[in-house]
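I opened the notebook to look at how this chain is put together. Here is the structure I worked from.

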Amino acid sequence: MNKIGIIGVGHVGSAAAHEIVVRGLCNHLVLIDRNDDKAHAEELDLADMGSQTLSHTKISSQDYSLLSDADVVIFSTGNMNRQERDRMQELEWTKKTVYDAIPKLMASGFNGIIVSITNPCDVIAALIQKVSGLPKNHVFGTGTSLDTARMKRVVANKFHVNPKNVAGYVLGEHGDSQFTAWSTVSIAGIPLAEYPESVDLNLDEIKEQVAAGGWQIHSGKGYTCYGISACVSNIVKAILTDEVGAFPVSTYSKKYDTYVGHPAYVAGDGIAKQINLHLTADEEAELAKSAAKIHDMFKEHALVSD
Ligand SMILES: NC(=O)c1ccc[n+]([C@@H]2O[C@H](COP(=O)([O-])OP(=O)(O)OC[C@H]3O[C@@H](n4cnc5c(N)ncnc54)[C@H](O)[C@@H]3O)[C@@H](O)[C@H]2O)c1
């Protein structure tokens with residue numbers, strides 16, 4: 001029996017719930033939201049899929065005690081109030097959702113793995129780890145998973161290939177200081193720099209397209225949901241199936257003393273191992289700068305609960 005909880009079933013949480021049910025990733029899905037009506041409505045809407053889906057998923061809502069034996073909890077609270085591109089702007093509000101929801105989750109006896117989506121993703125993941133007291137390998141953020149997926153989309157479009165043929169990582173903050181580590185990018189196993197087809201690549205332009213990708217979608221429809229729900233579903237599947245899969249998640253880095261987006265192996269016990277990339281000196285410097293931004297934001301703004 002696998003059990004998944006989702007705390008915060010707005011645009012992102014409900015899209016993740018839908019994908020989890022369609023893919024049959026668990027036997028029991030528990031939805032929690034501060035808005036009772038919304039949580040019950042999502043429960044019923046998802047349960048209406050019951051006679052149509054390939055596998056059976058029991059759906060419950062608004063009962064923290066059901067999370068006592070959950071394997072994974074997805075944290076996706078928010079308040080739809082993002083007015084600026086900088087995700088750090090959300091912290092003043094979203095940190096309060098951590099101080100509200102995480103003690104309730106821990107009071108249930110929960111001892112599983114938390115995957116956090118809520119922005120600013122790296123700071124909130126660090127805060128959840130601190131407030132929950134769970135081991136660092138059991139609490140992490142989706143980090144640059146979505147940004148990496150966006151980079152794959154942009155590069156694939158340039159080269160007219162399937163995004164699945166593009167490998168590599170966007171690193172750092174899930175925010176404006178992120179960057180594509182071009183030394184890690186390859187197409188069908190061929191490093192980008194050696195790819196035989198000559199394509200007019202403006203790396204700075206691609207970097208901006210990737211970094212601005214979320215805001216472009218947000219400006220059009222008011223939120224983003226499908227990309228992130230696909231990413232988090234794959235991460236959750238890696239936990240539930242003990243996959244040992246590489247994902248650019250936001251995990252604690254001893255080197256930078258902060259959570260930051262960087263690839264790690266995800267398996268049944270959460271973060272199994274960090275992956276050491278051979279970055280260029282410039283990329284190392286960019287990662288250090290991005291990590292410092294997250295570190296300072298956490299120290300200066302996350303720990304105050306008023
Ligand atoms: N990490 C990523 O790649 C990524 C991608 C997309 C969105 N996000 C972030 O995900 C978060 C959610 O986005 P959204 O569009 O779904 O927002 P939303 O406003 O649609 O949904 C948030 C939900 O959280 C609920 N909520 C608020 N406080 C709560 C609490 N204390 N306890 C329980 N539930 C609570 C709200 O009632 C609402 O239903 C935002 O912070 C957003 O920026 C992150």
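I looked up Tyr-169 and found that this residue stands opposite Ala-181 in strand 8. The model is a predicted one.

Next I checked how strand 7 and strand 8 run together. Strand 8 covers residues 179-187, and strand 7 pairs with strand 8 in the antiparallel sense over five bridges.

I noted an open sheet of three strands, in the order 7-8-9, with antiparallel pairing. Which are the edge strands? They are strand 7 (166-171) and strand 9 (190-191), and each pairs on one side only.

I moved on to the domains. The domain assignment gives domain 1 (3-141) and domain 2 (145-302). Their C-alpha centres lie 22 Å apart.

How do the two domains meet? I found 42 residues of domain 1 in contact with 46 residues of domain 2. Together, domain 1 and domain 2 bury about 3,700 Å² between them, with 65% of it on carbon and sulfur atoms.

I then looked for salt bridges between domain 1 and domain 2, and the count is zero. For polar contact, the rule finds eleven residue pairs across the interface of domain 1 and domain 2.

Which elements supply the domain 1 side? I listed helix 1 (11-23), strand 4 (72-75), helix 3 (91-107), strand 5 (113-116), helix 4 (121-132) and strand 6 (139-141), each with at least two residues. Helix 4 gives the largest share, eight residues. By class, I noted 22 nonpolar, seven polar and 13 charged residues on the side of domain 1 that touches domain 2.

Note on methods. Residues are numbered from 1 along each chain as its sequence is written. This is a predicted model: local features need pLDDT of at least 70, side-chain atom pairs count only at pLDDT 80 or more; totals for chains, interfaces and linings use all residues. Side-chain values use heavy atoms; hydrogens and water are left out. Domain bounds come from an automatic or database domain assignment. Contact means heavy atoms within 4.5 Å. Buried area is the accessible area (1.4 Å probe) that two parts lose on being put together, summed over both. A salt bridge is a side-chain nitrogen of Lys or Arg within 4 Å of a carboxyl oxygen of Asp or Glu. A polar contact is a pair of N or O atoms within 3.5 Å; within protein, one must be able to donate a hydrogen and the other to accept it, and residues adjacent in sequence count only if both atoms are side-chain atoms. Helices (H or I, at least four residues) and strands (E, at least two) are DSSP runs, numbered from the N terminus. Ala, Val, Leu, Ile, Met, Phe, Trp, Tyr, Cys and Pro count as nonpolar, Asp, Glu, Lys and Arg as charged, and the others, Gly among them, as polar. Two strands pair if DSSP finds at least two bridges between them.
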